[in-house]
Amino acid sequence: MKSLALTVASAIALTAAAPSFAQSTEARAGAEISARVSPSEFAPSVGVLELNQPVVIEGCLEDVSWCQISFDGQTAWASAEYLYVEEDATPVALVNRPGSLSLQTVTVPDDDATQSEQNTAAAVGATLGSLIAFAAGGPVGGIIAGGMLGTAAGVASVEPSEQTLVYVTANPVETIYLNGEVAVGAGVPTEVVAYDVPDQPEFRYLTVNNQTVLIDAETGTIVRVLR
């Protein structure tokens with residue numbers, strides 16, 4: 001598992017002063033997340049952004065919930081809950097600055113393809129709830145002090161063994177659908193059923209939005225996304 005522990009300040013200063021950014025802004029990923037073909041957690045992935053990977057923000061939805069990005073020669077979408085920029089060397093959560101970013105507002109056509117992606121969960125039944133973006137801070141703001149660029153609260157210090165990874169891969173379970181991007185540090189609602197892992201009771205596992213994850217058995221925090 002890639003460690004999220006980096007030598008940086010654990011607090012993110014979300015200052016009252018509104019930073020101003022150019023139309024094309026470089027941002028970074030605050031967690032390992034999927035880059036998607038359209039602005040929906042149910043849309044197909046075109047790649048994975050690594051923790052702190054730089055991307056260019058081409059524009060965002062009006063509410064800055066999703067942003068269109070360029071990286072590695074391709075264009076995709078990423079959840080703004082897990083993107084950040086720096087102002088005077090201070091990390092600033094992108095989703096918390098919707099009124100101050102001088103960025104193009106991108107409008108997504110409500111065509112059949114986009115509607116189909118956004119309604120994937122509805123096709124198999126209603127979503128069971130929402131992932132909690134970086135569990136300690138709750139969903140508000142998404143990127144939180146002590147989460148982004150640091151160790152997300154509740155992440156287990158024990159590495160899953162190879163035996164555990166083999167077991168989980170060999171024993172797939174039916175996916176459940178939750179609103180929100182699947183990422184290490186995000187919290188799974190307590191009412192969601194997860195499955196025991198033999199030999200490592202500190203972990204449980206389940207499949208969320210078609211992605212198998214290991215969670216901390218006590219906190220429900222995602223500690224590994226099996227890609």
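Are phenylalanine 42 and tyrosine 177 buried or exposed? Phenylalanine 42 is buried, and tyrosine 177 is buried too. Please keep in mind that this is a predicted model.

1. Let's begin with the aromatic rings. The count comes to three aromatic pairs. One of them joins phenylalanine 42 and tyrosine 177: the ring centres lie 5.9 Å apart, and with 70° between the planes the pair is edge-to-face. Distant parts of the chain are linked by this pair, since phenylalanine 42 sits in the loop between strand S2 (33-36) and strand S3 (45-49), and tyrosine 177 in the loop between strand S9 (175-176) and strand S10 (195-196), 135 residues apart.

2. Tyrosine 167 and tyrosine 205 also form an edge-to-face pair, at 6.2 Å centre to centre and 90° between the planes. Tyrosine 167 belongs to helix H3 (residues 162-170) and tyrosine 205 to strand S11 (residues 203-208), so this pair ties together parts 38 residues apart in sequence.

3. How do the two rings of that pair stand for accessibility? Tyrosine 167 has 30% relative accessibility, so it counts as partly exposed. Tyrosine 205, at 4%, counts as buried because the cut-off for buried is under 20%.

4. Finally, a residue away from the rings' story. Alanine 93 is part of strand S8 (residues 90-93) and counts as buried, at 0% relative accessibility. In sequence, alanine 93 and alanine 80 are 13 residues apart, and their C-alpha atoms are 8.4 Å apart in space.

How values were computed
Residues numbered from 1 in each chain as written. Predicted model: local features only at pLDDT ≥ 70, side-chain atom pairs only at ≥ 80, totals over all residues. Heavy atoms only, no water. Phe/Tyr/Trp six-rings, centres within 6.5 Å; stacked < 30°, edge-to-face > 60°. Helix = DSSP H or I, 4+ residues; strand = E, 2+ residues; numbered from the N terminus. Buried < 20%, exposed > 50% of the residue type's maximum accessible area, 1.4 Å probe, protein only.
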